[in-house]
Structure formats: C-alpha cells, structure tokens
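Student: I would like to learn how to read a ligand site and a set of aromatic pairs. Please take me through them one at a time.

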Amino acid sequence: MEADPSHGRIIDQVPHASKEDVNEAVDSAREAFPAWSRLTPADRANMLFRVADLLAQNSAEFARLESLNSGKSIKQTTDYDVPYTVDNIRYLAGASRTLEGKAMAEYVSDGTSAVRREPIGVVGVITPWNYPLMMVAWRAFPALAMGNTVVVKPASYTPLTTLELARLVEKVGVPKGVFNVLTGPGGEIGEALARHHDVDMIAFTGSTEVGKRLSELGTENVKKISLELGGKAPFIVFDDANLEAASEGAVVGGLVNNGQDCANATRFYIHASVAERYQKMLVDRLRKVRVGDPMVPKTDMGPLVSESQRDRVEGYIQKGLQEEGKLVYGGGRPRVEGHEGGYFLYPTVIFTNNHASPIVQEEIFGPVFTVLTFEDYDEVIDKSNEVVYGLGASVWTKDVTRAMNAVRDLRFGTVWVNDHVPVPSEMPWAGYKQSGHGASLSAYSLEEFTYIKHVYFDLTGKTRKSWYYQVYGAKE
Ligand code: NAP
C-alpha cells in the first residue's frame, strides 16, 4: 500500500510479488537476453531514446506522481528529477555507441589482440525510495543500453513511477522480457533476486547495511555486484571562503530532496575564526525555507518519506543533544494546515564538537545540519575522512592550492569546490569505502554492465608458432 507522506494516507496499492513471480521474471529476462544482446547498440539506443522522449512528453504527470508518492517538492520533481532523468537516459543511450576496446599488436610477435565488451546477462536492479525514477535510470538503463536484460525491484514506499516507466518501455516496443518489474518487500523479493542462480549481476542502490547483506547472498554463484550505498558528506568552510555563497550552498546541499539524498551536506566543518558569523548566516537562511505541502509550487521542503523515517531522524536529533550537542535551530515538527497526518520536520541545526557522536558518524538521512569547528587543514581533512562513508564532499575556499590539496586528500568519490550537489550525466558518481563500489552515470557506468573479453588472432598462418617449443619440441 502506497502512502502520500504529506497526509499519511494510502493512495494506491501494488502487488506483493511471490517467489514464483521472481522465477517467472528471471526466466523471462533470461529468454529475452540473446536477442536483445545481439541488437546493435544503435538499435537499442534508439528504443531507449524513445523512452526518454515519452518521459519528457509526460513529465508533468511523472513529476506529480513522484511528489505525491515521495513527498518531494513539486518544483524539484518538475525542474530536476524528471528532466534530469530524461537527460540521464539520453546520455546513456547515446554513449553506449561510443565504447571502444583496445587493439594491440606490440606485446606478441605472432598475433594481435582485441578487447570485446559483452553484456553480463540478467541484472537484478534494486532501488531506494529517495529518487525512485532517477535511480532506475541510473542502474537499469546503462544495463539495457549495453545489452543486458533487467528485473527491477523498486522500494516499497515508492514504486509508482517505476511502474509507469515500465508502461513507457513497453509502449516504445522494447521486446517482452527485457525490462521486468517486481514489487514487494526487499527482504523477500530483493533477497530472492540476489540468491537466484540465473541472475548474473545485482545493481543495488540503497543503505550500506543492505548492501553488505547482498554481497553475502551473491557469493553463492559469484554474482557481479555493483553497490551505491550511503553517505555522510563533509562541507568544509575555510576562513577565506565566500561565506554568503557557502551558507546559500549549505541550505541547498543540506536540504536537497528534503534532506534525504546520499550526497546531502551533513557535517559542516567551519573554521573557528568564522564559525559564529557563518552559523548565524546559515540559520538566517534556514528561517526562510518554506516547509509545507509538496504539491504547492512555492514549497521548498515537503515531508519526509514515512513516519518511520521521521522517527529515525528525530531519534538522531535526541541522541545528538544527549551527546553534548547544542540545538541551534529547528528540532520540531511544523504544523502544515490541511496536512495534520504528514511527516514534516523543520530543518535542524545542531552544534557539536563531539566527533564520536552518532550525528557526526552515522547517516541520518534527514534535514539535520551538524556544525563543527576546526583550527587547521590537517585536522579538518582527518576528521572529514574519519567516517566509514566516502561518497561526496565539498570544500569552500578562494585559495586554489588549498582546494587542490583538499581534492587530493579527501577520500570521497566526488569532491565539489565552492558548490555541493551537481552531478552531470557525463561524470561518474561512485563511492569510496563503505559508500560502495562501481559507478553510476558516465561511460564508467556503461562499462560496469559488461564483461571484457580478450580475443587473440594468430597473424602467421603457420602450423608451429615461434613460441611452441616452450611447451614441446625444439626451437626453430
Ligand atoms: P534500503 O533500506 O537499503 O532499501 C533499498 C532497496 O533495497 C529497497 O528496494 C528495499 O526494499 C531493498 N531491500 C531492503 N532489504 C533488502 C534485503 N534484505 N535484500 C534485498 N533488498 C532489500 O535503502 P533506502 O532506505 O530505500 O534508501 C536510502 C539509502 O539509499 C541511504 O542509505 C542512501 O544513502 C542510499 N542511496 C545511495 C545512493 C548512491 O548513489 N550511493 C543513491 C540513493 C540512495 P524495501 O523498500 O521493500 O525495503
């Protein structure tokens, strides 16, 4: 049953797939694989372009459905989630025609070699609730573009746009069995996919905890596993930073997607000499954030996705305050007229210098800004790296040398300088450490969904090659 988190009301129902449905979907994907994988990249790309075109034509409806089901503001889904997803699909479809293999003759005397990239087979795609539509584009579409077939399991809170997308895929004529969707609990359906011997790869985006579980389950048939997991991004403000820009960027970095983004700025390391001034600028801006009905165009921040997610975030706020944290702003639930059952929460700022506190170390996945101070470069880099995650980080300074040193020293898959959040379709999005491995977007994500095959060609036409004596017979 799918809820509208701005009311807490049920808005739709989707099937609870059975184990038999999992087997049927995998069989169907397996059957469709040979023909789909033998199409030219251009033929596949043309179909995927048509999906992107249809998505663009229906963008208002997808934006509405995504906001309704997830609580994201309608301005975010209209101007970011949907058009960006269209761009992601177009990029991946086009780029799939450009991948090259190496051809090299210089390493051997009697032959030459080439590298082929070939699809892996049936890919199980398991997606999270925070970007329901976009994460399908990031994980299923590079797989499809490279000739794999997919079985997608969307998050239970937010399956609606994935199901609509499946209708578009069918409409453009993608053959039956190439793109399958199963709805139901991750512990059952996700695990069944991860255990299935006819699933060749799992592409998972979600929490680190479930990512670890899937790594274990996949070992039985040595599945390839690509993991895009949690984050805990540092946002480092040096003493020479443009503080206006750094406070404006903090609101955006901290609150994008209602604070439920794996790249959200969450740990704000502010140089001690500017900390007081900066904190005031940040709070002044947060006061202007309009929390409310996500379907109203001027709303900046809608509700969190579910009651349990709000409970979890509030639990972290309490823990942070118990462990030496000082509440600077927010901390409570706003009253939103007409939405009394909604899961709203104010953006919340907590000041602490207890680096071991759970609000500093763990992924909260909510609109909570933890502000800390630092004195010097080495200290802030060490602290930034001192968490298990390594997804995104940002550095705010006018000093190019300092920025470039930080880019090198921060153990994160993306480092922004004087901004936080942008991820163009052409650039990789990948984790370090427990934020996972493998990449989304860019040509690297296309490679992720291929095996590499070495092909060796004899160039001599001789019965005995020059090196055969090493195994038997005499050297000629
Ligand atoms: P989650 O709890 O890990 O769930 C993600 C998906 O896995 C859902 O479809 C879920 O199904 C399924 N699942 C749950 N338990 C499973 C199991 N035992 N076996 C197989 N599948 C299982 O994550 P979430 O709460 O939806 O999403 C938030 C997390 O995603 C955060 O940690 C965030 O950082 C991460 N994320 C990372 C990226 C990235 O690019 N690195 C992007 C977006 C989100 P149910 O919904 O049915 O439980």
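The dialogue below turns to the ligand and then to the aromatic rings.

Tutor: Keep in mind that this is a predicted model.

Student: How many residues surround the ligand, and which are the closest?

Tutor: The ligand is surrounded by 31 residues. The closest are Thr127, Ser156, Ser207, Leu229 and Glu363.

Student: How do the residues of that shell divide into nonpolar, polar and charged?

Tutor: The shell around the ligand holds 15 nonpolar, 12 polar and 4 charged residues.

Student: Which atoms of the ligand lie 2.9 Å from an N or O atom in a side chain?

Tutor: One is a nitrogen atom of the ligand, at 2.9 Å from an N or O atom in the side chain of Glu191. Another is an oxygen atom of the ligand, at 2.9 Å from an N or O atom in the side chain of Trp429.

Student: How much of the ligand's accessible area does the protein cover?

Tutor: On its own the ligand has 920 Å² of accessible area, and the protein covers 87% of that.

Student: Which elements give two or more residues to the shell?

Tutor: They are α7 (186-195), β8 (201-205) and α8 (208-217). The largest share, 4 residues, comes from α7.

Student: Now the rings. What describes a pair of aromatic rings?

Tutor: Such a pair is described by the distance of the centres and the angle of the planes. In this structure the count comes to 11 aromatic pairs. One of them joins Phe235 and Phe268, with 4.9 Å centre to centre and 40° between the planes, and this pair is tilted.

Student: Where in the chain do Phe235 and Phe268 lie?

Tutor: Phe235 is in strand β10 (residues 233-237) and Phe268 is in strand β11 (residues 265-271). They are 33 residues apart, so the pair links distant parts of the chain.

Student: Are Phe235 and Phe268 buried or exposed?

Tutor: Both Phe235 and Phe268 are buried.

Student: Why is the pair of Phe238 and Tyr377 stacked?

Tutor: The pair counts as stacked because the planes are at 15°, and the cut-off is under 30 degrees. The ring centres are 6.2 Å apart. Phe238 is in the loop between β10 and α9 (243-255), whereas Tyr377 is in helix α13 (residues 377-385), 139 residues apart.

Student: Which residues do ring pairs link into a cluster?

Tutor: The cluster consists of Phe235, Phe268, Phe369 and Trp396.

Notes
Residues are numbered from 1 along each chain as its sequence is written. This is a predicted model: local features need pLDDT of at least 70, side-chain atom pairs count only at pLDDT 80 or more; totals for chains, interfaces and linings use all residues. Side-chain values use heavy atoms; hydrogens and water are left out. A residue is near a molecule or strand if one of its heavy atoms lies within 4 Å of it. A polar contact is a pair of N or O atoms within 3.5 Å; within protein, one must be able to donate a hydrogen and the other to accept it, and residues adjacent in sequence count only if both atoms are side-chain atoms. Accessible areas come from the Shrake-Rupley method with a 1.4 Å probe; for residues, only the protein chains shown count as cover. Ala, Val, Leu, Ile, Met, Phe, Trp, Tyr, Cys and Pro count as nonpolar, Asp, Glu, Lys and Arg as charged, and the others, Gly among them, as polar. Rings of Phe, Tyr and Trp (its six-membered ring) pair if their centres lie within 6.5 Å; planes under 30 degrees apart count as stacked, over 60 as edge-to-face and the rest as tilted. Buried means under 20% relative accessible area, exposed over 50%, partly exposed in between (1.4 Å probe, protein chains only).
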